[in-house]
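Hello,

The structure you asked about is below, and some notes on it follow. Please read them with the coordinates open.

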Amino acid sequence: MGRIVLVTGVARPLGGRLVRRIRRDPDVDRVIGVDAVPPAHPLGGAEFVRADIRRPAIARVLAEHAVDTVVHMDVTGTPLGSGGRASVKETNVIGTMQLLGACQKSPTVRRLVVKSSTSVYGSAPRDPAVFTETTPPKSLPSGGFAKDAVEVEGYVRGFARRRPDVAVCVLRFANILGPGADSPLAEFFSLPVMPTVFGYDPRLQFVHEDDVLDVLMLALDEPRRGTLNSGTFNIAGDGVLTLSQCSRRLGRPTMPVLLPAVTWLGSALRTVGVTDFSPEQIRLLTHGRVVSTVQMRETLGFAPRFTTAEAFADFARSKGPGLLPPELVAKAVDEVAAALPVRRAGDAEYQGAG
Amino acid sequence: MADAKVIPFDDDRSRGGAQRPSRRRSGGAARRSAERAAAAGDGPVREPGAAERRAGRTRGTRDGGARRMEAAPEPLPEDRPEPRPEGRAEAASAQGGPAAHAPGAAPQPEEGARGDWDRRIAGGLAFLRRRLTGDYEVDEFGYDAELTDQVLMSMLRPLYEKYFRVTVKGIENIPAEGGALVVANHSGTLPLDGLMMQVAVHDNHPAGRHLRLLAADLVFHLPVVNELARKAGHTLACAEDAERLLRRGEVVGVMPEGFKGIGKPFSERYKLQRFGRGGFVSTALRAGVPIVPCSIVGAEEIYPMIGNARTLARVLGFPYFPLTPTFPWLGPLGAVPLPTKWTIQFGEPIPTEGYLPEAAEDPMLMFNLTDQVREQIQHTLYKLLVQRRSVFF
């Protein structure tokens, strides 16, 4: 008998892709997608149940379908459609509580996978340069999505204590990027001119959507030989990009703003609705955050296909050129080089140097 | 101090094979410097000002190398050609000789000069192109090797060579490969000593090693400063970061005196403060890397701190606010450091791999090792002070 998987948050593009992906898994009999709103994209033959995970009805869904694997994807930073920050927070926190309560009552659930975020580490100048899964944050996130994620993880830990027979896997994803990314950071990178914090160049890490799906598939299956897929894992692509590199590779100029003004500008932009520039987002774009992925490689046995730079390049391609595309800048530099009289003799050398 | 008096002036003997002049970079860079010198000897080519400036820089190191060589009583190592070359061009090509082949540098100086300029400009443009398109790498600490080599070190070098005229001794005590923890004294109100130590390792170490400094968290609070510090390879002074760097086989520099050392009054110069809680020793032990004690003489006098405006410091959030004879009375002019003559001596490494893993948890051993490192640095400081002719020369 194959497994029965329930996925929350399928109305989002990533959730939809995950459902379609699980459908193709021969070991899985049925996939049940749950969300409060019907998805705009096809679910590839999966069953969709319109249920709000903030209501106890979710327990009935679990019992009715005898679900054995739950993938909780409905922990996100952006509201879907209408609704503001309050409803997002409620879905994240109350939704998780309800879902975990339902799982605790369900005798059939064997495995729980929760999508979390590396923002639980916060971002402070006094933090070590690289976070491991056990690093205690120096300053807990004070609000926003990061605080939701911290609370969600707290409830999940409590659940894991109460139901030791359920394998619980918490995946802390770095900033998810890719052609269909809808995170606040992706919105930020879509601004024609990116406001940055003057005097800070944060280190950022990205993980590609395809890798997100791969690692979720790995986590909801039985562990492979020699690996363990329950526990908490940081998921990020290899390598690091600084914000200045990102802006140059995107070809979008930056506008450095003094830190106090950034907070003000952020709230102004949020009011206008251009982008969700939450305080936690500003902290990330001030101090940056890098996580260690040793556990992901050695314990979980997962090797991402995209490095941070490749994930970003894929995202940049989908965004189209900015105001200063890198190709144009490079061409301009080459033209300057061609205009210099000195250089002509050293053409061959230049090719070598370039 | 009693010991220090019997140490003869030519302590350079202890440096063994280190008498060869500072070889700043290997490979193509050496060749370029050779050709650059050739260009300078040839008279004005295209940008006379720049050529002169560069020539001056080359000459500066040559002189520094020569001076140190004269101080050395032993015969020169065999791999060096005749010790006193005539022209600068030849000298430079001799310098480049062992590191890289310099084809056609000496025979056709004019041709070489033009080619060199073209290559320099082309290299600069290629660098600019990479920077502007974001096509460069940083490591997980934010260390931007290319920017550090090409820009940040070049910005610090005049200070290092011309202003403080740093003499480096015992660079061979830093291993050519594998991790090492360089522990140095800290002084001078502003952490210039750390930066000079970084340039010293970068420009003098034969294996071209980079020193990764551990900095106070204040550095990472300040805008601009934190950005530059990260790009220059510095990171926060915490056990996690230090151990991560050491396990990657990097040379890590730490100044365990911290603010107690850098912000001590002038009357206590060259008296080492408490070495923190000795966390650096347990980190080195856990990573199994040697500890290299380093003594820096000259940094204490750059800003003679005669007072500390505590209230102002508290208001500004700094650990101290220095009052020197010139600062803040002369405004920005008072912030110019005094041009003291510096000596940086790297001492004999203290091995740590002989200890068991649980030794890092043994407080008694930690205290003993900390004291050993501290004593060695203090002793070398006294020795160097006795040898010093004057603060400024």
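In what sense do strand β2 (residues 180–184) of chain B and β5(B) pair, and over how many bridges? They pair in the parallel sense, over 4 bridges. Strands here are DSSP runs of E of at least two residues, helices are runs of H or I of at least four, and both are numbered from the N terminus. Two strands pair if DSSP finds at least two bridges between them.

This is a predicted model: local features need pLDDT of at least 70, side-chain atom pairs count only at pLDDT 80 or more, and totals for chains, interfaces and linings use all residues. Residues are numbered from 1 along each chain as its sequence is written, and chains are lettered from A and ligands numbered from 1 in the order in which they are written.

Within that pairing, B:L181 has B:V252 as its bridge partner in β5(B). Strand β3 (residues 211–215) of chain B also runs parallel to β5(B), joined to it by 3 bridges; here B:L211 is partnered with B:V251. From β5 (residues 251–254), B:V251 and B:G253 point one way and B:V252 and B:V254 the other, and all are buried (20 or more other C-beta atoms within 10 Å of the residue's own, C-beta atoms being placed from the backbone).

As for the interface, 34 residues of chain B are in contact with 31 residues of chain A (contact: C-beta atoms, placed from the backbone, within 7 Å). The largest share of chain B's side, 13 residues, comes from α5(B).

Regards

Methods
Contact = placed C-beta atoms within 7 Å. Buried ≥ 20, exposed ≤ 12 C-beta atoms within 10 Å, placed from the backbone.
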